[in-house]
Amino acid sequence: MLIELFLTFFMVGTVSFGGGYAMIPLIQEEVLNRYHWMEASQLADIVAVAGMSPGPIAANIAVAVGYHQAGIFGAIVASLAIILPSLILILAAGKLFFRFRDNALVKSSFFGLRPTVAGMIIYAAIVFAQHSGMTTDFNWFTWSQILIFAGSLGALVFLRKHPISVVLISGLVGIALYG
Amino acid sequence: MNVKWQQLGSIFLTFLKMGPFTFGGGYALIPAIEREIVDKRKWLSSREVADMITVSGSVPGAVAVNSATFIGYRIAGVGGALAALLGIFLPTFALMIGLSLVYLHIKDNPKVEAAFLSIRATVVALIAYAAIKIGKSAIVDFTTGALGAIACLLLLGGIHPIWLVAFGALAGIGVVKLRTLRGKKTKLEEEEPVYDYMI
């Protein structure tokens with residue numbers, strides 16, 4: 001279990017270009033489909049909590065998944081795994097980074113990587129949407145979920161609300177609607 | 001030896017204090033780093049720090065973690081890197097453990113269950129928002145738009161996400177090469193992409 005935790009998050013740490021949210025598909029694939037560690041709804045809860053607390057979202061998810069699976073020891077193993085690739089890269093390459101960054105090949109690979117990452121994030125949203133009940137039958141629950149989604153997105157994009165406040169307000173809405 | 005340990009200790013404490021600032025995400029850390037590392041401690045110049053943060057954004061991993069490690073390394077070698085890393089990560093780690101504990105404790109409460117039923121729809125919005133933000137700087141023309149769509153379709157088709165990273169990098173190199181061959185120029189980067197709190 002600890003080895004699986006380590007391998008999963010080491011892989012996530014190694015390829016995490018473009019911010020933590022881009023890594024959610026990879027985490028979904030390993031945690032849900034490969035190892036069946038938890039339900040999709042539980043992972044969605046973890047992402048919510050991870051998005052609300054300070055620090056990098058992928059690292060937060062690693063800590064929480066590790067903790068759920070194997071307690072404090074699991075959390076430590078998962079954190080080490082996700083941090084180790086950065087540490088190795090920076091210690092190994094050091095000053096080389098400055099030259100490496102201006103390399104034309106590296107620049108053009110990022111040109112392709114960025115839109116790919118956008119596509120990956122959209123996929124992550126689709127997976128969680130499918131499990132949230134937004135795409136099931138057309139009953140009032142589905143509609144309420146779609147409305148909550150649209151309202152949250154609007155608050156983030158147009159009102160520029162911080163994710164913490166959006167999540168907290170959404171929680172209150174949930175208690176009012178479903179409680 | 002003693003002086004060395006003292007320096008490592010102060011590197012650790014400096015980054016420990018910055019931990020809470022990562023609330024705004026990796027890039028929210030920049031003003032805090034400038035203030036502590038450049039103005040107060042005078043460990044590095046403002047120019048050096050700016051360069052290191054830029055580089056940290058273009059290697060795998062979280063910007064906050066990468067820049068802390070990099071800056072610690074520049075100040076005091078491997079020991080400095082470890083001290084800075086520990087300092088920046090410890091607060092987040094502790095908080096996440098605390099939140100996980102609370103979540104496990106209360107998740108079966110009917111009120112909390114109801115709250116999370118709604119929050120799960122909000123998580124989809126959070127992720128969609130991340131996609132919109134990165135899409136703005138990444139999807140600049142038809143080709144990049146197509147790349148994004150293909151990536152999403154491949155994943156829906158069941159491809160393991162790890163291949164997508166290789167696919168994106170190779171596609172980028174291919175597209176730029178092809179355009180150069182046809183005598184077209186590709187604007188690779190207009191400005192530094194800002195990912196905000198999502199790193």
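This is a predicted model: local features need pLDDT of at least 70, side-chain atom pairs count only at pLDDT 80 or more; totals for chains, interfaces and linings use all residues.

Visitor: Is Ser144(A) to be read as buried or as partly exposed?

Guide: The reading rests on a count of neighbours: 20 or more other C-beta atoms within 10 Å make a residue buried. Ser144(A) has 19 C-beta neighbours inside 10 Å, and therefore counts as partly exposed.

Visitor: What separation is found between the C-alpha atoms of Ser144(A) and Gly171(A)?

Guide: Their C-alpha atoms are separated by 13 Å, while the two residues stand 27 residues apart along the chain.

Visitor: How should I describe chain A as a whole?

Guide: One begins with the secondary structure. Chain A has eight helices and zero strands. The C-alpha trace of chain A spans about 55 × 40 × 25 Å along its principal axes. Of its 179 residues, 55% count as buried.

Visitor: How many residues does each chain bring to the contact between them?

Guide: Chain A brings 89 residues and chain B brings 86 residues. On the side of chain B that touches chain A, at least two residues each come from helix H3 (46-57), helix H4 (63-106), helix H5 (110-138), helix H6 (142-156) and helix H7 (161-181) of chain B. H5(B) gives the largest share of that side, 25 residues. Sorted by class, that side of chain B holds 62 nonpolar, 20 polar and four charged residues.

Visitor: How is the packing of two helices read?

Guide: One considers the angle, the separation of the axes and the residues that meet. Helix H2 (residues 29-40) of chain B packs with H3(B) at an angle of about 140 degrees, and their axes are 10 Å apart. Their crossing is right-handed. From H2(B), Ile30(B), Ile33(B), Glu34(B), Ile37(B) and Val38(B) meet Ser46(B), Val49(B) and Ile53(B) of H3(B). This contact is made up of six nonpolar residues, one polar and one charged.

Visitor: Which residues of H6(B) are buried?

Guide: The general idea comes first. An α-helix has 3.6 residues a turn, so residues three or four places apart point the same way. In H6(B), the buried residues are Thr144(B), Leu147(B), Gly148(B), Ala151(B), Cys152(B) and Leu155(B). They lie on the same side of H6(B), because they cover an arc of only 130 degrees around the axis. The face turned away from that buried side carries the exposed residues Phe142(B) and Leu153(B).

Visitor: Against which helices do the buried residues of H6(B) pack?

Guide: In chain A they pack against helix H2 (24-34) and helix H6 (104-132), and in chain B against H5 and H7.

Visitor: What is the span of H6(B), and what comes just after this helix?

Guide: H6(B) has 15 residues and reaches 21 Å from its first C-alpha to its last, close to the 21 Å expected at 1.5 Å a residue. Just after H6(B), Gly158(B) adopts a positive phi of about 105 degrees.

Key:
Residues are numbered from 1 along each chain as its sequence is written. Chains are lettered from A and ligands numbered from 1 in the order in which they are written. Helices (H or I, at least four residues) and strands (E, at least two) are DSSP runs, numbered from the N terminus. A residue is buried if 20 or more other C-beta atoms lie within 10 Å of its own, exposed if 12 or fewer, and partly exposed in between; C-beta atoms are placed from the backbone. Two residues are in contact if their C-beta atoms, placed from the backbone, lie within 7 Å. Ala, Val, Leu, Ile, Met, Phe, Trp, Tyr, Cys and Pro count as nonpolar, Asp, Glu, Lys and Arg as charged, and the others, Gly among them, as polar. Axes are lines fitted to C-alpha atoms, for helices over the stretch in contact, and angles run from 0 to 180 degrees between N-to-C directions. A crossing is left-handed if the near helix is turned anticlockwise from the far one by less than a right angle, and right-handed if clockwise. The expected span of a helix is 1.5 Å times one less than its number of residues. The arc is that of the directions from the helix axis to the C-beta atoms.
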